[in-house]
Amino acid sequence: MAVAELSPATSFTSSQSSYVAPSARLSYHRRLSFQHVPRTVSTGIRCSVTSDKIQAPGVINDGKTKQDCYGVFCLTYDLKAEEKTKSWKKMINVAVSGAAGMISNHLLFKLASGEVFGPDQPIALKLLGSERSFGALEGVAMELEDSLFPLLREVSIGIDPYEVFENAEWALLIGAKPRGPGMERAALLDINGQIFVEQGKALNAVASRNVKVMVVGNPCNTNALICMKNAPNIPAKNFHALTRLDENRAKCQLALKAGVFYDKVSNVTIWGNHSTTQVPDFLNAKIHGIPVPEVIRDRKWLEEEFTQVVQTVSVI
């Protein structure tokens, strides 16, 4: 939320403010500034349920607030107190890193709307940002608050993975440093390696023992491995690297070559990171359940053009 604040000391009475000369309006506009107004909550809502009836929520001013929650999400409630919500599943904690970024800006609203976990699955979003992105992270939390998603019951924001990942049952690790102009791949791996070492240790220390971890930040396969190795108390099968773009690209190319719709292509695997060194596996892929080499007999195309298209187009 922002409010306009007039910077000069000059004030106008009601009669004076009825007309402002054009030049004065221009000067006024230039001196207009915006000041962030934090949303605070000084009350809590508590619901109680008796054996014979459901009582209405009561507002109690106890002076206590959750330090890491945001806005309306600081209120407490009882999902069993309403007919609509008492049939819902138990709420799950979903942690998202890089939560102020562009990918998260699309993902978070799908999570909150129920598109990902279902229409009866309430969620608590735990958003991880950085010191530099914290202002934008507050803006994301504000947008989620304004969207009024019924399934979104809690939102907390922070920059410490040991706090944000606490009791997380899903961890979507989107945040990673992108490769900048002139940056060597080794330098990028070193920076992102440090990020995922820390996040892996944090997950190992405070997340649910059965947390599902999805690594999106590139190079995602390497980052997923680093994260997994630093979380020995979490089953290795719970770690996944999202190379879906490359998989989809490979499926589409195979479908075009075979003259079929892409839903007939299956078992496509991408080996390696999202880069020009990745290897799309056509040997184990199938079209209509038949191995690709038996359907597409142009071996040269499979080994050269197909592989090159997936490698290069995917990383543009």
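The following dialogue goes through some packing features of a predicted model.

Tutor: In this predicted model, local features need pLDDT of at least 70 and side-chain atom pairs count only at pLDDT 80 or more, while totals for chains, interfaces and linings use all residues. Residues are numbered from 1 along each chain as its sequence is written, and side-chain values use heavy atoms, with hydrogens and water left out.

Student: What makes a set of residues a nonpolar core?

Tutor: The members are buried Ala, Val, Leu, Ile, Met, Phe, Trp, Tyr and Cys residues joined through side-chain atoms within 4.5 Å. Buried means under 20% relative accessible area, exposed over 50%, and partly exposed in between (1.4 Å probe, protein chains only). The largest such core has 24 residues, and Val 94, Val 96, Leu 111, Leu 125, Leu 127, Leu 144 and Val 155 touch the most other members.

Student: Which elements each supply at least two residues of this core?

Tutor: They are strand 5 (92-97), helix 2 (102-113), strand 6 (123-128), helix 3 (134-147) and strand 7 (152-158). Helix 3 gives the largest share, five residues. Helices (H or I, at least four residues) and strands (E, at least two) are DSSP runs, numbered from the N terminus.

Student: How do you know that the buried residues of helix 2 are on the same side?

Tutor: The buried residues are Ser 104, Leu 108, Leu 111 and Ala 112. They cover an arc of only 90° around the axis, so they lie on the same side of helix 2; the arc is that of the directions from the helix axis to the C-beta atoms. The face turned away from the buried side carries the exposed residues Met 102, Ile 103 and His 106.

Student: How are helix 2 and helix 3 placed, and what makes them meet?

Tutor: Their axes come within 11 Å and cross at roughly 35°. Axes are lines fitted to C-alpha atoms, for helices over the stretch in contact, and angles run from 0 to 180 degrees between N-to-C directions. Contact means heavy atoms within 4.5 Å; Asn 105, Leu 108, Phe 109 and Ala 112 in helix 2 meet Val 140, Glu 143, Leu 144 and Ser 147 in helix 3.

Student: Why are strand 14 and strand 15 called paired?

Tutor: Two strands pair if DSSP finds at least two bridges between them. Lys 286 stands opposite Pro 291 in strand 15.
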